[in-house]
Amino acid sequence: MPTRHIISIGDFDRDDIDQLLDHAAQIDERKFDENALKGKILAALFFEPSTRTRMSFESAMARLGGSVLSVGSVEACSMAKGETLADTIRVVSGYADAIVIRHPREGAARLAAEFATVPVINAGDGAGQHPSQTLLDLYTIRQSMPIDGIDIAMVGDLRYGRTAHSLASALSLYHARLHTISPTGLELPANLAENLEEKGMEIIEHDDIRDVISTVDVLYVTRIQRERFPDSASYFNVASSYRITPELLADAKEHLIVLHPLPRVDEIDPRVDDSPHARYFDQSRNGVPVRMAMLMQVLQ
Ligand code: NCD
């Protein structure tokens with residue numbers, strides 16, 4: 001049987017996604033075997049900062065009776081001695097039943113999958129993809145409305161934001177209409193936009209969130225990915241250039257939900273947290289049942 005990696009959201013078709021989200025919903029209702037992954041070990045290789053992704057994978061494994069082995073950082077492992085990623089992955093494959101990896105280089109998870117003899121889950125590869133985040137984003141949308149045919153506005157750093165890339169790709173399977181609002185220079189990569197349009201997705205660029213706030217169903221806000229900028233001057237040129245406020249949301253549809261993969265910097269005013277539109281903390285909580293469903297898929 002081929003090893004079941006999860007590298008890109010493109011590895012899933014729509015039925016796969018719907019089934020996984022249905023499974024996550026059952027898990028959310030506490031319908032799961034607490035020993036489903038007893039004796040299984042997940043290796044967590046996080047070569048970039050992470051709070052939610054890492055901890056929710058750990059929590060997911062613990063809730064299913066499995067355990068997690070971690071490497072703290074590049075400095076703390078043999079990659080600091082010059083070991084290649086390929087060799088690290090070959091070795092770790094001998095210690096664990098699956099590997100979850102976050103790495104600053106785009107394509108790193110795909111490379112890891114080539115050398116691994118156990119399933120690899122991509123927890124973010126540079127500005128590339130973040131499929132587990134997308135699954136929990138879709139799950140959160142589905143808690144409020146059917147995903148089919150939604151109007152979604154993606155706001156922020158759509159150039160480097162891997163969560164936006166993966167989510168836009170998945171939404172092309174659900175006939176969503178995508179509105180984009182980003183600072184100059186941080187637009188959705190042209191090759192991704194072309195690819196989505198070829199799949200029939202309508203993408204509309206706007207200069208100002210106010211142009212779409214009264215028409216969209218979902219507002220997906222992202223942080224400017226400072227760590228991917230070539231220098232700090234170019235970051236400060238665009239920093240703090242957009243902010244979601246209660247005043248802005250006054251014109252929103254009643255059912256509009258505001259999502260953010262987190263961490264936020266200053267792009268959502270904390271006063272929005274108490275609004276009925278705010279769903280970003282539910283969204284981060286949803287990481288656990290969704291990642292439990294993913295782990296059961298690759299490990300059982
Ligand atoms: C995101 C990431 O790492 O891409 N964080 C996350 O996993 N929730 C978003 C970000 O860092 O801006």
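Is Asp 151 buried or exposed? Asp 151 is buried, at a relative accessible area of 13%, where buried means under 20% relative accessible area, exposed over 50%, and partly exposed in between (1.4 Å probe, protein chains only). Before going further, keep in mind that this is a predicted model, in which local features need pLDDT of at least 70 and side-chain atom pairs count only at pLDDT 80 or more, while totals for chains, interfaces and linings use all residues. Residues are numbered from 1 along each chain as its sequence is written, and side-chain values use heavy atoms, with hydrogens and water left out.

Back to Asp 151, then. Its side chain meets that of Arg 177 in a salt bridge, at 3.3 Å from N to O; the term stands for a side-chain nitrogen of Lys or Arg within 4 Å of a carboxyl oxygen of Asp or Glu. Asp 151 sits in strand S5 (residues 151-155) and Arg 177 in strand S6 (residues 177-181), so the pair ties together parts that are 26 residues apart in sequence. Helices (H or I, at least four residues) and strands (E, at least two) are DSSP runs here, numbered from the N terminus. Arg 177 counts as partly exposed, at 34% relative accessibility.

The structure holds 18 salt bridges. Another of them joins the side chains of Asp 18 and Arg 14, at 3.4 Å from N to O. Both of these residues belong to helix H1 (residues 14-28), and they are four residues apart, about one turn of the helix. Arg 14 is partly exposed, with 26% relative accessibility. Then there's Asp 208 with Arg 210, whose closest N and O atoms are 2.9 Å apart. In that pair, Asp 208 is partly exposed at 26%, whereas Arg 210 is exposed at 60%. Salt bridges that share partners also link Arg 243, Glu 247, Asp 269 and Arg 271 into one network.

Now for some helix packing. Helix H2 (residues 52-63) packs with helix H11 (residues 287-299) at an angle of about 65°, and their axes are 8 Å apart. The axes are lines fitted to C-alpha atoms, for helices over the stretch in contact, and angles run from 0 to 180 degrees between N-to-C directions. On the H2 side, the residues that meet H11 include Phe 57, Ala 60 and Met 61; among their counterparts in H11 are Val 288, Met 292 and Leu 295. Contact here means heavy atoms within 4.5 Å.

Helix H5 (residues 131-144) is worth a look too. Its 14 residues reach 21 Å from the first C-alpha to the last, close to the 20 Å expected at 1.5 Å a residue, a span worked out as 1.5 Å times one less than the number of residues. H5 is mostly covered, with 11 of its 14 residues buried, among them Leu 135, Leu 136, Leu 138 and Ile 141.

Finally, the backbone. Most residues other than glycine have a negative phi, and most peptide bonds are trans. Leu 262 has a positive phi of about 65° although it is not a glycine, and the peptide bond from Leu 262 to Pro 263 is cis, with omega near 5°. Leu 262 lies in the loop between S9 and H10, and counts as buried at 13% relative accessibility. Ser 240 also has a positive phi, near 55°. Ser 240 is in the loop between helix H8 (232-238) and helix H9 (246-249), and is exposed at 54% relative accessibility.
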